[in-house]
Amino acid sequence: MKRLGRLRTVLGRTAPSGLGDRLGAALTRSTPRQGSSVAHLVRKAAEHDAVWLGAAAVLGASGGRGARRAALRGVGSVAIVAAINHALAKPAARSSRPVLDALPGVFPRPSTASLPSSTMASAAAFASGVVLESPRYGLAALPFATGLAYVRARGSLDHRRRAAAGALVGIGAALLTCRWWPVKPQAAAAAAPPRRPAPALKEGKGLQLVVNPSSGVAWSKDTVETLRALLPEAVITLFEPGDDLLALLDEAAARAAAEGGALGVCGGDGTVNAGSATAARHRVPLAVFPGGTFNHFAVDLGNQTMEDVARAIRAGDAVSADVGRACSPARPGTAPGTEAPTEKSASPAEASPGEGEQQLFLNTFSIGVYSELVHARERLEKRIGKWPALVVGLAKVLATGSPLSVVINGRPRRIWLLFAGNGIYHPAGFAPTYRTQLDDGLLDVRAVEAGTPLARTRLLLAVLTGTLHSSRVLTTAQVRRLDLEVLEGEPHFAYDGEVTDATYRHLILDKLPQAVTLYRPADQDQWLR
């Protein structure tokens with residue numbers, strides 16, 4: 001009100017007689033009282049990007065994996081808007097306020113640009129990012145963005161133009177995130193029905209379930225009680241420190257085969273890896289419960305919750321999936337791809353195919369700095385988001401790692417890493433997120449070359465600009481078989497995220513087609529029809 005009085009004084013001195021009083025009175029009538037208007041509160045709240053960080057924190061804490069992905073995409077969209085605003089919008093708008101320059105003592109120049117409206121851009125970016133990832137959660141963010149748009153639209157024509165421009169910038173920022181982090185489809189990966197129907201285990205009778213409580217953050221004291229409530233007649237074996245996990249799985253699978261039942265595992269991807277090898281060897285169906293930190297395979301399969309898996313077990317709904325295999329070319333017996341798998345390792349963490357042995361993988365195989373990169377990204381992504389964590393992790397492992405000299409299908413190469421997915425992964429590049437099919441019979445191979453000039457710098461730039469899929473430093477192929485030999489460097493092999501220190505240097509990678517039968521709710525298949 002003091003500023004308004006000063007404005008009336010200035011107008012009274014400079015305007016014709018009576019005009020200053022009339023303009024001042026009009027300004028008084030049209031000025032909303034501070035703190036008394038809902039519109040004012042909405043506008044003030046949206047002026048601070050911290051409100052979107054808080055909204056993302058609430059969203060991520062209240063939901064599951066989908067909510068966390070939606071929150072990260074929303075925050076990433078707001079970050080792009082902030083970068084655009086600071087780099088482009090502010091300098092362009094600095095000199096576009098002649099009226100304010102004429103009255104410096106009445107209204108000081110704002111410290112933030114408003115063309116386009118940065119508050120509207122941030123609101124639209126966050127809401128659009130959440131909607132892209134999860135329309136269901138987007139319903140919670142849209143009302144606030146819509147309310148802000150309404151508030152801005154009530155102002156002058158200039159305000160409406162700024163709000164419209166801000167909305168376009170925000171929506172564009174959300175769409176831009178898809179260049180680095182494509183939206184994961186809501187549908188589960190496609191898979192064919194099993195060769196023989198999986199048994200319908202009413203109340204879980206015939207299910208031998210092994211639970212590994214050390215697999216990740218999804219574990220809680222109520223997990224076993226939840227499983228017992230869902231499947232009261234299942235036999236549940238709890239893995240304890242000092243137990244041999246593979247021995248427990250083998251005994252459970254043998255009992256399931258004798259009873260005409262199924263093997264179940266509740267744990268992370270390492271536990272699921274060991275369970276799949278055991279189930280394939282004993283030729284029993286496998287029930288995968290999401291009990292690990294990231295549950296990559298369970299998510300691709302469509303088993304989002306414990307209830308999903310229990311429903312499929314009771315109904316006998318199942319699909320079949322391929323299994324990837326890495327074995328020594330000196331392994332005796334039949335040719336690769338023609339026999340059931342055998343697993344002789346002591347534990348998932350120690351599993352390594354020595355001479356004449358083999359290792360299976362449901363998700364991925366990798367060598368080089370890939371496993372280090374994944375671990376670095378997973379440590380950071382909950383705090384700063386997936387793609388910023390990827391960039392930071394990549395810079396770190398490239399600075400400390402060393403390339404490998406290898407021979408791939410008879411051709412010498414120098415590489416930073418090699419990734420082989422059990423099926424074709426999306427998106428392109430070396431940050432695979434999801435599969436759309438579990439039985440395509442192919443290995444998705446990606447290698448980052450170290451022999452090209454300025455390979456490290458070009459790799460980082462390609463990741464930052466979202467152009468890695470077309471960069472010369474990345475080589476990709478979809479094959480059924482790969483011959484790999486390490487000539488120089490330490491061959492740290494990783495199977496489904498579990499790193500091994502192998503003594504061998506020569507591997508044959510191939511596929512076991514539809515080698516494992518997996519319980520999955522029938523309603524997941526409805527998405528694919």
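Apart from neighbours within four places in sequence, N212 is in contact (heavy atoms within 4.5 Å) with F239, L245, C266, G267 and T271. The model is predicted, so that local features need pLDDT of at least 70 and side-chain atom pairs count only at pLDDT 80 or more, whereas totals for chains, interfaces and linings use all residues. Residues are numbered from 1 along each chain as its sequence is written, and side-chain values use heavy atoms, with hydrogens and water left out.

N212 is located in the loop between β1 (207-211) and α10 (223-230); helices (H or I, at least four residues) and strands (E, at least two) are DSSP runs, numbered from the N terminus. With a relative accessibility of 7%, N212 counts as buried, a term that denotes under 20% relative accessible area, with exposed over 50% and partly exposed in between (1.4 Å probe, protein chains only). The side chains of N212 and T271 are joined by a polar contact of 3.0 Å. A polar contact is a pair of N or O atoms within 3.5 Å; within protein, one must be able to donate a hydrogen and the other to accept it, and residues adjacent in sequence count only if both atoms are side-chain atoms.

T271 is among the buried residues of α12. This helix, residues 269-282, has 14 residues and spans 20 Å from its first C-alpha to its last, close to the 20 Å expected at 1.5 Å a residue; the expected span is 1.5 Å times one less than the number of residues. Of the 14 residues in α12, 12 are buried. R283, which follows α12, has a positive phi near 60°.

Residues up to four places away in sequence aside, V288 touches V265, V272, F297, A298, L301, N303, V309 and L518.

Strand β9 (residues 411-422) is mostly covered, with 9 of its 12 residues buried. Strands pair if DSSP finds at least two bridges between them. β9 pairs in the antiparallel sense with β7 (residues 364-368) over 5 bridges, and 7 bridges join β9 to β12 (residues 443-449), also antiparallel. L418 in β9 stands opposite I367, and the bridge partner of L418 in β12 is A447.
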